[in-house]
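Grab a pencil and work through these exercises with the structure in view. Each one comes with a solution that goes step by step.

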Amino acid sequence: MSTDPSHFLSNIIGSSVTVKLHNGVKYAGVLQSIDGFMNVVLQNGTEVAGESSRTYGDVFIRGNNGMYE
Amino acid sequence: MSEVIEAPGASNDVAETTILPLEIIDKSIGQYIHVLMTGNKEFKGKLVGFDDFVNMVLEDVTEIDNDGPSSTPIKQLLLNGAHVAMIIPS
């Protein structure tokens with residue numbers, strides 16, 4: 001059972017996640033890794049911004065921008 | 001050994017009556033809470049856990065912004081504590 005944030009994060013490594021930034025843009029992908037700064041690496045990251053969506057390979061998101069899974 | 005002089009009734013009462021902010025949050029685990037963010041955003045969901053930065057794991061979350069509440073609740077999310085302004089236990 002996941003309780004605190006660090007347990008939660010270790011439990012969801014490898015699963016499909018959505019990361020929403022403070023500016024409202026979302027990135028979806030497979031969570032490869034995440035650190036204590038909430039820096040996130042996504043595999044097959046796609047940008048979800050209204051109509052347009054761009055696809056990337058691996059995506060690094062600096063932690064201070066992230067809002068949620 | 002030096003003796004500490006205390007005012008009457010001030011001995012252990014402080015520890016018993018002072019409520020730490022994180023205690024309030026800890027008591028809310030398993031309950032539904034409202035989280036108000038800086039900026040016009042709000043989250044309502046069941047608190048699963050939190051850490052010292054007040055990052056929170058929430059379940060069955062409704063995100064409320066200027067456009068109103070989101071239609072589909074988010075099953076599980078990790079909320080970055082950096083922009084949390086207020087937590088309201090329901």
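Before you start, one term: pLDDT is the predictor's confidence in each residue, on a scale from 0 to 100. You need it here since this is a predicted model.

**Exercise 1. Find the mean pLDDT of chain A, then say which of its elements has the lowest mean and which the highest.**

Solution. 
- Step 1: Start with the whole chain. Chain A has a mean pLDDT of 82, and 84% of its residues reach 70 or more.
- Step 2: Now go element by element. The lowest mean pLDDT, 59, belongs to strand β6 (residues 66-68) of chain A.

**Exercise 2. Work out how strand β3 (residues 40-49) of chain A pairs with β2(A) and with β5(A).**

Solution. 
- Step 1: Take strand β2 (residues 26-34) of chain A. It runs antiparallel to β3(A), and seven bridges join the two.
- Step 2: Pick out a facing pair: A:Ile34 stands opposite A:Val40 in β3(A).
- Step 3: Check the turn. The hairpin of β2(A) and β3(A) has five residues between the strands, and A:Met38 takes a positive phi near 65 degrees there.
- Step 4: Move on to strand β5 (residues 58-61) of chain A. Its pairing with β3(A) is antiparallel too, over four bridges.
- Step 5: Look at A:Val40 again. This residue also stands opposite A:Ile61 in β5(A).

**Exercise 3. Trace the salt bridges of B:Glu63: which side chains does it meet?**

Solution. 
- Step 1: Recall the idea. Side chains of opposite charge can pair when their charged atoms come close.
- Step 2: The side chains of B:Glu63 and A:Lys20 meet in a salt bridge at 2.8 Å, N to O. This pair crosses between chains, from strand β3 (residues 56-65) of chain B to strand β1 (residues 16-21) of chain A.
- Step 3: Stay in chain B. B:Glu63 also forms a salt bridge with B:Lys41, at 2.4 Å, N to O. B:Lys41 lies in strand β2 (residues 41-50) of chain B and B:Glu63 in strand β3 of chain B, so the pair ties together parts that are 22 residues apart in sequence.
- Step 4: Ask about burial. B:Glu63 and A:Lys20 are buried, and B:Lys41 is buried as well.
- Step 5: Widen the view. A:Lys20, B:Lys41, B:Glu63 and B:Asp65 are linked in a network of salt bridges.

**Exercise 4. Are B:Lys75 and B:Asp60 exposed or partly exposed?**

Solution. 
- Step 1: Locate the pair. B:Lys75 and B:Asp60 form a salt bridge, with their closest N and O atoms 3.4 Å apart. B:Lys75 sits in strand β5 (residues 74-79) of chain B and B:Asp60 in strand β3 of chain B, 15 residues apart.
- Step 2: Apply the cut-off: exposed means over 50%. B:Lys75, at a relative accessible area of 64%, is therefore exposed.
- Step 3: B:Asp60 has a relative accessible area of 30%, so this residue is partly exposed.

How values were computed:
Residues numbered from 1 in each chain as written. Chains lettered and ligands numbered in written order. Predicted model: local features only at pLDDT ≥ 70, side-chain atom pairs only at ≥ 80, totals over all residues. Heavy atoms only, no water. Pairing = 2+ DSSP bridges. Salt bridge = Lys/Arg side-chain N within 4 Å of Asp/Glu carboxyl O. Buried < 20%, exposed > 50% of the residue type's maximum accessible area, 1.4 Å probe, protein only.
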